[in-house]
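Q: Hi! Could you walk me through a few parts of this structure with me?

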Amino acid sequence: MCTYQTETVSLRGSGKGTQGWFSVTDASVYFDHPVHASAEHTLNLDFLNPQLGPGARVAVELNADSALALAEAIRRVLASTGAT
Amino acid sequence: MREDIRAETVEIAGHGGDQIEAYQAQPLDDDQVGAVVVIHHMPGYDAWSKEVTRTFAARGYLAICPNLYSRDAAGASPDDAAAAVRAKGGVPDERLVGDVGGAAAYLRSLSASNGKVGVIGYCSGGRQSFLSACSLPLDAAVVCYGAFIAADPPADSPLKGRSLLRLAPKLACPVLGLFGAEDQHPSPEEIATLEQTLRDQGADFEFHTYPAAGHAFFDPNRPSFRHEAAKAGWEEIWQFYGRLLAGEGS
């Protein structure tokens, strides 16, 4: 199925794409068909800067377990360092 | 049929006269033949969409696949372009109709055209194929697992498109629908709703739903590929277009 479900998030940070580092302003989060990963559906993350064009994008496709493990690791790291 | 073809990137006039990129393929034979507009899937104007376009040409049809993301992401890689358009909620329906109409007019202008034009679309393109068939003078429409033809997207979806049932009475050509029984977008219920609507209005249509197949079963580059369903689906397409696009145009 195409889930078409997408959440967008405003961000402040940087990402490294095919042309080097750029400022990341937005992210898209969706569970849908991957372009590259060998799975029918993956949790897809696009780190974007639309002002710089469609090529300013860092893309990640993760299976659902990996995505949850990543999300929990991010929470643990931030909590343990007192950053949040 | 020699299966010899020429394939190339061209520019065509799309919605509002905008010049948009398109991939055109045609047989080298001099016969007057039918034509097909290929509407690419949501992942965009990618290698598989071009392969499908060449497949139609090898079977004796003029074929063209307009890059529906031309304006949003000119020159970008297909996956970057698809991500950008997805974030915007997809291609607006009005623009889609203009682009497909422009592609159909381009095909009819070719010296090898017999005047007949069909349309085929996959995934989001399946919905757009039905939209085109309700909006443009076409001769045949193939809908491959298009969702949100007979149902609205979820309320929290960023998709701009809505159910097309309000347009169904304007359907102006026969429709072939090819679906996977395990797909949820479109769900079996949505397919049944569309089927009932078309039956009630006396439309010329045929639907085939393949067991053990879900979404995107035609695409051999994805784990969702289902050989039996794809093979059977292609056979239906050749019969459908063979019946409706052959001979002299209207």
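Q: How do β6(B) and β7(B) pair, and over how many bridges?
A: In this predicted model, β6(B) and strand β7 (residues 175-180) of chain B pair in the parallel sense, with four bridges. Ala141(B), for one, has Val175(B) in β7(B) as its bridge partner.

Q: And which way does β6(B) pair with β5(B)?
A: Parallel again, over five bridges. Gly121(B) stands opposite Val143(B) of β6(B). Between the two strands the chain passes through α4(B), and this β-α-β crossover is right-handed.

Q: Is β6(B) covered on one face or both?
A: Both. Ala140(B), Val142(B) and Cys144(B) are buried on one side, and Ala141(B) and Val143(B) are buried on the other.

Q: Nice. Switching topic, which residues have the most contacts inside the largest nonpolar core?
A: Val37(B), Val38(B), Tyr61(B), Ala63(B), Ile64(B) and Ala141(B), in a core of 82 residues.

Q: What is Tyr61(B) in contact with, leaving aside its neighbours within four places in sequence?
A: Its contacts include Val33(B), Ala35(B), Phe56(B), Tyr241(B) and Leu245(B).

Q: Now helix α3(B): how many residues does it have, and how far does it reach?
A: It has 17 residues (93-109) and reaches 24 Å from first C-alpha to last, close to the 24 Å expected.

Q: Which of its residues are buried, and what covers them?
A: Among the buried ones are Leu96(B), Asp99(B), Val100(B), Tyr106(B) and Leu107(B). Their cover includes β1, β2, β3, β4, β5 and α4 of chain B.

Terms used. Residues are numbered from 1 along each chain as its sequence is written. Chains are lettered from A and ligands numbered from 1 in the order in which they are written. This is a predicted model: local features need pLDDT of at least 70, side-chain atom pairs count only at pLDDT 80 or more; totals for chains, interfaces and linings use all residues. The expected span of a helix is 1.5 Å times one less than its number of residues. A residue is buried if 20 or more other C-beta atoms lie within 10 Å of its own, exposed if 12 or fewer, and partly exposed in between; C-beta atoms are placed from the backbone. Two residues are in contact if their C-beta atoms, placed from the backbone, lie within 7 Å. A nonpolar core is a set of buried Ala, Val, Leu, Ile, Met, Phe, Trp, Tyr and Cys residues joined through C-beta atoms within 7 Å. Two strands pair if DSSP finds at least two bridges between them. A crossover is right-handed if, with the strands pointing away from the viewer, the path from the first strand over the helix to the second runs clockwise.
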